[in-house]
Amino acid sequence: MVHAESMHFKDEEYILETGKWAKQAGGAVTLKWGDLVLLATATAAPEAKEGMDFFPLTVEYREKFYASGQIPGSFFKREGRPTEKEILVSRVTDRPLRPLFPKNFFNEVQIFVTLLSSDGNQSGDVHAITAASAALMISNIPFAGPVAGVRVGRINGEFVLFPSNEELEFADLSLALAGTEDAVTMIEGHADEVSEEDMLDAIRFGHDHIKSICKLQKDLAAKAAKPKMEVPPYKENEELKKKIWDIGLEKMREANTSGDKKTRQANIDKVKEEILEALAPELEKEDEKEAAKLQKEAKEFVDLLEVEVVRDQIFNEGKRADGRTLEEIRPIEIEVGVLPGVHGSCVFTRGETQSLGVVTLGSTEEAQKIDDVEGESMRYFFLHYNFLPFSVGEVRRYGGPGRREIGHGNLAEKSLEAVVPPQEKFPYSIRVVSEILESNGSSSMATVCSGSLAMMDAGVPIRKQVAGIAMGLITKGDQYAILTDIAGLEDHFGDMDFKVAGTDIGITVFSWT
């Protein structure tokens, strides 16, 4: 049976429909708005794989060239590997969805969102979030949604919902927002040195419309939702948790006092081993499955003990794992002109995070040509971010830039783009590369700093200097703590991480999840 719900945006009907296409998927929804058509499907494996201890979620966004009446320009005349834009939209879609699945749900879930039709002037990016959420809402997959996505632009001082590509040419702010009816859960956007007050106003404006789109999904689910898969309720082994706390709490507190990342981690790893060794006799059972379950729970509790020690220290002592106060920034070192044979270079070091920024200037013919369903365009300024395993002291397979590297590079690129001179004043192509030499959190914001400095070293007449920093939020009941310049540990153990970059006047990039 076909079900549909609709509302209006910009005098066009905004429709969520199910029951016509892809009926064998767990859930399938088409989102239609004018000439824009997206198909989102969400399907889950009937059972979790044995031994699975993480949630295997895959989110893929794809754009078909036929959507805008084009034939792909490649030799094979078919769509190839994901473009940078498709990867970025996949990331933005994944981020607000992933936290809303049950904690103990380990069945593999695949979400595919495909742009089937486009008017060439309206991106499918934020609509992919809504379409994916709607597919989950009507599927048999347990999901604590809905979530909706919107884009907010500001043009001539007025906020505009779902601005077209043409309108964005005149906007001084462009924000992609996602959220539930209760809260905003993801922000990704760039601006031309806007104030904090204006940024907050844009978020409130966007959230008002998120609420209405969430209601639309609920109305569709009320008509078309399938019965949800049963997930056994999560039961915490309180007895095992207490034993681990009794054995290791004080040891973990002591191990967490070293300011050096490697020393602290070595001490913590040693405490974890001691706890598990002390518990070994109790974790041995005749039933192999029961023993494996207990061992898994014990490792999870040991990891949780580290989390609670780090968080309690922040609330009780106002100190962080590396000894800093909540507002203290790690020591900064800057060295410019470090590579004699390049146009511009800088090494920016903040604590144990280090970025080598390198700038290359080229002719306008060396600009990057972008060919997608929204038409051809040229990029005269672009930034590439590289994160190799040695930067965190690891050895692992490296197959080229992944989703994280592309996402971090795009964030840093947008941070700097606002101050890059226009082509009529500086007729060159500019490539910035950030090589992450060392990382302990906030490498994308270190990239902003090294990139800004390297451009100045190359003689690029940027309008202003740009800097970036990562902020964190830790909550405990009604208590909360805001952390300035978070390290990797705080990013991993915190409740929120947001990155902000800008000049001395205002914000150029804001990313929050």
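A quick word on the source. This is a predicted model, where local features need pLDDT of at least 70 and side-chain atom pairs count only at pLDDT 80 or more, while totals for chains, interfaces and linings use all residues. Residues are numbered from 1 along each chain as its sequence is written, and side-chain values use heavy atoms, with hydrogens and water left out.

Helices (H or I, at least four residues) and strands (E, at least two) are DSSP runs numbered from the N terminus, and two strands pair if DSSP finds at least two bridges between them. Contact means heavy atoms within 4.5 Å. Angles run from 0 to 180 degrees between N-to-C directions, with axes fitted to C-alpha atoms, for helices over the stretch in contact.

Seven bridges join S5 to strand S6 (residues 109-117), and the two run parallel. Leucine 57 stands opposite valine 109 in S6.

Eight strands form it in the order S8-S7-S9-S10-S21-S20-S18-S19, with antiparallel pairing. Here strand S8 (158-161) and strand S19 (479-484) are at the edges, each with a single partner strand. Within this sheet, 5 bridges link strand S20 (residues 496-502) with strand S21 (residues 507-512), and valine 500 has phenylalanine 510 in S21 as its bridge partner. Helix H9 (residues 443-457) packs on the sheet and touches S18 and S20, its direction making about 155° with that of S18. Helix H7 (residues 288-317) lies across strand S18 (467-476) and S19, at about 90° to S18.

Finally, the whole chain. It has 10 helices and 21 strands. Its radius of gyration, taken over C-alpha atoms, is 24 Å, close to the 24 Å from the globule rule for 513 residues, so the chain is as compact as a globular protein of that length; the rule is 2.2 Å times the number of residues to the power 0.38.
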